[in-house]
Each structure stands twice: as structure tokens, then as C-alpha cells.
Amino acid sequence: MARFISCLLAAIAAALLAGAPAKASPAVALEHVVSVLPVWPGHQQGGAGARPGRAPEGSGVVIREGIIATAWHVIEPATRIDVRLSDGRILPARLLAQDTSTDIALLRIDEPIKPIEIAETTAIAQPVCAIGNAFGLGLSVTCGVVSALTVSNAGFNTVEDFVQTDAAANPGSSGGALVDEDGRLVGMVSAIFASDADANIGVNFAVSSALLQRVADALITDGVVSYPEPGWSLRRASRAQLAVIAAPVVGSVDSGSPADRAGLKVGDQIVTVGARRVLTPRDATAALAILPHTTDQISVTLRRSGETKTVSLSFAKETEQVASQSETVQDPDCPHPEDVCQMRQIVFPVSSFDPVGSATRIADDLLVTNRHVVGNSKTATVHTPSGPKTASVVPSGYRGDLVLLQMEGLPDDTPIPALNAASERSFDDRVSFYAIGADIARRQVRVFDPGELLSPPAEDGVFARLHVTAQMQPGVSGGGLVDAAGTLIGIAVGGGDGRFEAIPLADVKKLLELRADPQAEQVTEALGKVFEECAVLLDAPEAGKPGLPDDRNLTTICSEAANHGQLLKAGRILAQAGQFDDAIRMHGQAVEQVPNSINSRMSLLVSLQLGGRFAEMTGHARKLMELAPNDPQALRFSIQSGVWGGDLKLAEDGYAALLKADPRQAQAARRFIDAAPPAPPRR
């Protein structure tokens, strides 16, 4: 009987398997992927005749019959587009529509290729394969696993919902398919973190199939993509808030907006948007972006005063009158308050000593930018909507990192900010700040992710700086820093490690006033000259080595230039060369210029530490602890310098703060305080 039952079960299983469809595979998905062969001005077309890797090529995936999704950056400059099918045929394609905020474009071909099947679920560590036209060599398959999901902070696009994978992707793979074991689409390959060789290093990103479908549906139906606009601005949580829960903080709420109607308040932390947990402002943007365009409302979980509550954001208009008065299409390139987005009109990309920078309009014919953008040049090219124009440097006796540009032909319809409104204001740490400047990768002026105030300008500094967490990147220097109401607060000047700086408008007023300085031309000429001399030395292979010609070494020249960014870089180079006294001099000068700069204070402490000058560290470490009371790195400086510099109270204060900021690091700090090894000798 047992044998009979076994045979019967086996027969039933065989019958069931025989009736089940065979699973597909990544290899089968090849027929749904194409090579994209754009013709760029001045470039040979890929495919026929061109050597692999020498012509612009990309990939695409068929998502509807006859419709191919690809990456916008692959075809943006194209004057013509062809696609090569998996069977080798080359067919003409035409651009159907594009969404620059997600870097997605749709192509149409007159060939009824079946669309790829979409995966229903995706999981961490799930095996996946990338299919694309890597290096123009034709379609190939590389495999790995899903490394991360819902990645929204890679920094490539305005709106991001990436699947991260270690499946190899290289130039030419953009627009290709990321598929699961059954050949179903998990995402569209969009971006890679490249090494210096511009080759794959195992950190690659694909637009999630959810966002891809959402964007494609809108582009096919309407030709444009609009995203739900809650009417809030969000900023990152402070370190103290992060110790409790990671969730973005509401920085402002627009009157009458869905957020306002739902009862959200400034200071609320947004925990979930719909079913998605959000950790940062960009996570919230992504959670809203993947919602179907027909979504009328979405639930939001928030934290307020230690309590959790759920509210509903309603995107439906209350009356037709309200809709006619307030209905606007959200700018896909600027998911921020409308007043902030409008301020993009006053910022222009510029090219001069620095090939890519920004300049902010402050009058009918005047713009302001950073000295490090212009160097010693007498002119700068301003890229306006009507084409590039030449601006002249206006001499001023101002010695900080600002330069005035004068140019005729600026647009008549752009706003001109009032310099008096913000220059006398007191800075509020509850306000969100936004940097506006040139995005090198996207080749446009954009608003970057907002941030909060770290510290106001120091009263005892040589130059004033406003310190914020508002995101900046190369190219933004000279752009504007605005608040949530769109008021110009200062001129972006750079930074790093999540800490960025701007020069307040009070210094812009000084720049204008010092045009009347009798020494204006000499000051402008002298500072520009030594800036460029310092820049050459900083980039030289022998930078930091003693004995340069005429004894005018890096330390002397960069000290004369007195450019804050150059002082920091020079100090790092000198410290690496073992010239600790000179490194301390450079970093000390930077701190004197901008006492509230956390980055400068940390650089000085590193140089002092390397030089074994622990007693001199204590005062700077205490100041740093005041500036960054929740930063573990700053607190470690206070503990180390306190122990080895003879200030045990400082060490204990640093330990008490670290215990709150990061209890795990505090355990090691306690052991160091109680049983510290001998201090390293002074070098």
C-alpha cells in the first residue's frame, strides 16, 4: 500500500509539473533588450563601423510593444537615434518623451517586439542579472545580487528610487535591464559609481520597476510627469533626533496645502509615507514619486513631541474654485517650495578660472561669484538662456572669497533680490536652507536638498560665514543660499562631509561698498594673482616639499592668497609631507578667518595631533564641542586632547556628551580615559 501511495504521488507530481509553464531565464530576457546607438554632434555613430567604446552607445529595454525605455543621458545630445535588436537588426527610433528628474526617456520603434515581464517582488540578496551593451560590445549578461532597495540618496537624479546591485555595469550599460532569475524586470540600469578608470566597481544602480512604470505610464498618457505635492519642505534630522529615530523633519508647511490641511507642523518627523519607511527627505520624495498619478490620498505616520500619529494627505481639491486658483504642475526638476524654485532664475552657470561655477544676480547688470571661480581672470563667461555672454570683473577692496561681475544683457524678467532684507536678520535654526547652483552632471541650474543651520557667522572672524547642512557640490560655488520663503540669505562657497558654508549678504554689501576703495584695483589684482599661484602649487606633484624657487613656497604663497579653501588644502598637503608646523599655520589661519567652521577646526586639530601638540588642542577641541555637540568625531578630539593635553575636565565633558551621542563609542572612550597609553612624542 505504501509503495502504491508513493507511486501515485509521484504520478500526480509529474502531471502537475508537465502542465506548469517552464520558467524563463535571464538569457530569454535578451530578446527584450536593445542596444541604443545615438548620433551625437561631432561623434561617430556606434554599431556599424565604429570601434567598440569609441562612439556613444547605450542600452534600452522594451516595456510596451514598440516602446523602449532608456536613460535620458544616453540620448539627450542625439540628433538621431537607432537601436540594434538582439538579433542584430538596426532600426530607426524616435524620441517619444522624457523625464529629466528621473533620467528616463521613452523611444518608439515600428517593430512589434513583446515587452519584458515585470517582477512582482524584489528582495535583498536576491540573484539578479544586468543585461546591456557594455562598452558598445553588444548585449551581454552579468550577474550578482540585489545589494540594497529604495536607494534615494545616490545623488545622480532629482528623483531616485534605485535598486542597488553588484552585477557589473559599465559605460554603455545605462538603459539596460536588471532582471531576476526568471528574466523578469527588476529595474532599468541607470548609474554606476565609477573608479578613476570609469569602470565598474560593483556599486551600480537601476531605476526600480515601480518608478519606471509610474514614469512611463505618465509619459505615454500625458507626455509629462507630475508628482504629488504635499506642500512641505523637509530637512535632515539633527544628530540628537537621530539618536531617537531616523526620520526627516518638516521645515515649513505651505498654507492651504495637503500637509497644512492634514495638520502637519514645523518640527514634525515624517516616519512613513504610505507603506514606505522614510529616513531622509529624499526618501520621502521617492515614496511620493512612485505613487500612481491617480492617487487622491496617502497616509503619513509622524512623530511629534515623542508621540506617534497617523494623518492623511489628500491631494484632491476641495472645490473647483480652489483648483482653478491653486492647481499647478509640479516642476519635476524642482520638488521644493515654489518660492525656492523661482530663485533659480537669479543664478547662472559661469566659466572662468574654474570651468564650472555659478554666479548670483544682485542688480540689473551685476552678479556676484566666488574669487576661486574667477581667479585672476578679468572676465567670466556667463551662460544665459539666450546664450553665453562675457562679464567683466569689477575691482573691489574686499579681500574675502567674493568677486563682482558686470554684464549687460541679463534677462529682464528675472527677480532681483533685496540685499537689505536678509543681511540684518537673525538666523533661525528651525528654518530650512536651500543651495541653488550649477549641476555639472545635469548641465542646469537646480535646487539641491535642503538643510538646517549649524551655526551663524562668528562675530570674531576675519570673514563671515554661515554654516548649514544644505547640500552643495562642485559647480555650486557662487550660487545662492535661500530660505524656504525664497529669500536670498547668502552666496554658496562650498564645504564637505555634510557641512557647508555660505557668505552672508552683509559681506556682499561690503563687496559693493569697497568698489570705492582707492586700492580696489591693486587688491583685486594681487589677490587674484597669488590665488592662481597657490592653485598651481597645490596641483603640482612636488606640493608640500620645501625648497621651491625663490623661497616662495606653498606656505608663503597660499598664506598671502588667504583663500579659505586653499588654506585647508595646503594644510592637508603639508601635514602629509610631515611639515606639521606649516600645516598648523595654514589651518590656524583658516580658523582665524572663519572660527565657526567645523571643517576648519577639525583640520587644525588633526595637524596639532600629528605634531604632538596636545596641550594646544584643548581650547580648539572645546570650541569644536560647542559647535558640534553631537558629533562623535568632534567629541573624540575633546577626549583625546583632554587626556594627553592635561585637561581632564574636557575629557570627561567629551565623554558625557559621547555617551548620549553614541553609547557604543563611549565604552572605548571610557577605557581610554581610565587607562590611557603615553602620549605620542612631538614630531
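Helices (H or I, at least four residues) and strands (E, at least two) are DSSP runs, numbered from the N terminus. The model is predicted: local features need pLDDT of at least 70, side-chain atom pairs count only at pLDDT 80 or more, and totals for chains, interfaces and linings use all residues. Residues are numbered from 1 along each chain as its sequence is written, and side-chain values use heavy atoms, with hydrogens and water left out.

**Exercise 1. The whole protein**

Task: State how many helices and strands the protein has, and what share of its residues is buried.

Solution: 
- Step 1. The secondary structure comes to 20 helices and 31 strands.
- Step 2. Apply the burial cut-offs: buried is under 20% relative accessible area, exposed is over 50%, and partly exposed lies in between (1.4 Å probe, protein chains only). Of the 683 residues, 53% are buried.
- Step 3. Count contacts, meaning heavy atoms within 4.5 Å. Among those with a separation of 6 or more, 62% join residues 24 or more positions apart.

**Exercise 2. The largest nonpolar core**

Task: Find which residues touch the most other members of the largest nonpolar core.

Solution: 
- Step 1. Define the core: a set of buried Ala, Val, Leu, Ile, Met, Phe, Trp, Tyr and Cys residues joined through side-chain atoms within 4.5 Å.
- Step 2. The largest core has 32 residues, and Val61, Ile63 and Leu212 touch the most other members.
- Step 3. Helix α3 (residues 209-222) gives the most to this core, with 6 residues.
- Step 4. List partners of Val61, leaving out residues up to four places away in sequence. They include His32, Val33, Ile116, Leu185 and Met188.

**Exercise 3. Helix α13 and its packing**

Task: Decide how α13 is oriented against α15, and which residues make the contact.

Solution: 
- Step 1. Two packed helices are described by the angle between their axes and the distance between the axes.
- Step 2. α13 (residues 554-561) and α15 (residues 580-593) pack at about 5°, with axes 11 Å apart.
- Step 3. Angles under 35 degrees count as roughly parallel, over 145 as roughly antiparallel, 65 to 115 as roughly perpendicular and the rest as oblique. α13 and α15 are therefore roughly parallel to each other.
- Step 4. Thr555, Cys558 and Ser559 of α13 meet Asp582, Arg585, Met586 and Gln589 of α15.
- Step 5. Check burial: 6 of the 8 residues of α13 are buried, so α13 is largely enclosed by the rest of the structure. The buried ones are Leu554, Thr555, Ile557, Cys558, Ser559 and Ala561.
- Step 6. These buried residues pack against α12 (520-539), α14 (564-576) and α15.
- Step 7. Look just past the helix: Ala562 takes a positive phi of about 55°.

**Exercise 4. Residues in loops**

Solution: 
- Step 1. Asp103 sits in the loop between β5 (90-99) and β6 (104-108).
- Step 2. Ser173 is in the loop between β9 (162-165) and β10 (177-179). Not counting residues up to four places away, Ser173 touches Ser59, Asn133, Ala134 and Val189.
- Step 3. Ser226 lies between α3 and β13 (232-235), in a loop.

Definitions and conventions:
Axes are lines fitted to C-alpha atoms, for helices over the stretch in contact, and angles run from 0 to 180 degrees between N-to-C directions.
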